[in-house]
Amino acid sequence: MQMSTVESPRRQRLPKLTINIPNILTVLRILVTPLFVIFLIRNQHGYALLVFAFAGVSDGLDGLIARWLNQRSDLGAVLDPIADKLLLTAAYITLGILKDIPGWLAVLVISRDVLIVTGIAVLTFANIPFDIRPSLVSKWTTVFQILMIGVSLLDLDFSGAQTLQLALGWMTAGMTVLSGLHYTYLGLNILQTGYGAQTKKDAD
């Protein structure tokens, strides 16, 4: 996500509570998250991978449909990142507890998300306007986090599989830390700029 105080012009969204195909797909992603966790707990990684793949495909589809048919809505803008984070968070917590991925990596990924949510809460509480858009660092971080989950679910069994998973884990950790630092910088910059603007406005 890229946070800024200036909102770029975009095509007009539909009413806030519009129910359309993209939003239905997003809700389905939220609903399958418990099923995904259940499959993980029961050590049915094949089924869990199918659910994870379905979530990924539906995520791409709802974005395409929303753009092609101009069915973007305020509801979709809120639900889509929630659905993505809910699934990724559930995956890392569950896989970390089951020791399918290193516990420290799960903590790192969740901590980054908590940091972002905390920053958004602070800016909202301070009544400082900001815009959230995916940044390049954030996109690559998400790619590595998804790859890490996929490799863990595949249960790879070949010479060097453990080394591959370890290397991917460290790359995921590096991108997660880099992304967290990036958002910390952006958030502090927005906070400082916003308070400066408010002080100037009060003085006038």
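The model is predicted: local features need pLDDT of at least 70, side-chain atom pairs count only at pLDDT 80 or more, and totals for chains, interfaces and linings use all residues. Residues are numbered from 1 along each chain as its sequence is written, and side-chain values use heavy atoms, with hydrogens and water left out.

**Serine 58**

- Serine 58 sits in helix H2 (residues 45–68); helices are DSSP runs of H or I, at least four residues, numbered from the N terminus.
- With a relative accessible area of 2%, serine 58 is buried (buried is under 20%, exposed over 50%, partly exposed in between; 1.4 Å probe, protein chains only).
- A polar atom of the serine 58 side chain lies 2.9 Å from the backbone oxygen of alanine 55.
- Leaving aside residues up to four places away in sequence, serine 58 touches Leu25 and Arg29, where contact means heavy atoms within 4.5 Å.

**Aromatic pairs**

- Rings of Phe, Tyr and Trp (its six-membered ring) pair if their centres lie within 6.5 Å; planes under 30 degrees apart are stacked, over 60 edge-to-face, and the rest tilted.
- The count by this rule is four aromatic pairs.
- One of them is tilted because the ring planes of tryptophan 104 and tryptophan 170 meet at 35 degrees, with centres 4.8 Å apart.
- This pair links distant parts of the chain, 66 residues apart: tryptophan 104 is in helix H4 (residues 103–125) and tryptophan 170 in helix H6 (residues 161–203).
- Tryptophan 104 is partly exposed at 39% relative accessibility, and tryptophan 170 is exposed at 54%.
- The rings of tryptophan 140 and phenylalanine 144 have centres 6.4 Å apart and planes at 45 degrees, so this pair is tilted.
- Tryptophan 140 and phenylalanine 144 are about one helical turn apart because they lie four residues apart in helix H5 (residues 136–154).
- Tryptophan 140 is partly exposed at 46% relative accessible area, whereas phenylalanine 144 is buried at 17%.

Technical notes: Helix = DSSP H or I, 4+ residues; strand = E, 2+ residues; numbered from the N terminus. Polar contact = N/O pair within 3.5 Å; in protein donor to acceptor, adjacent residues only side chain to side chain.
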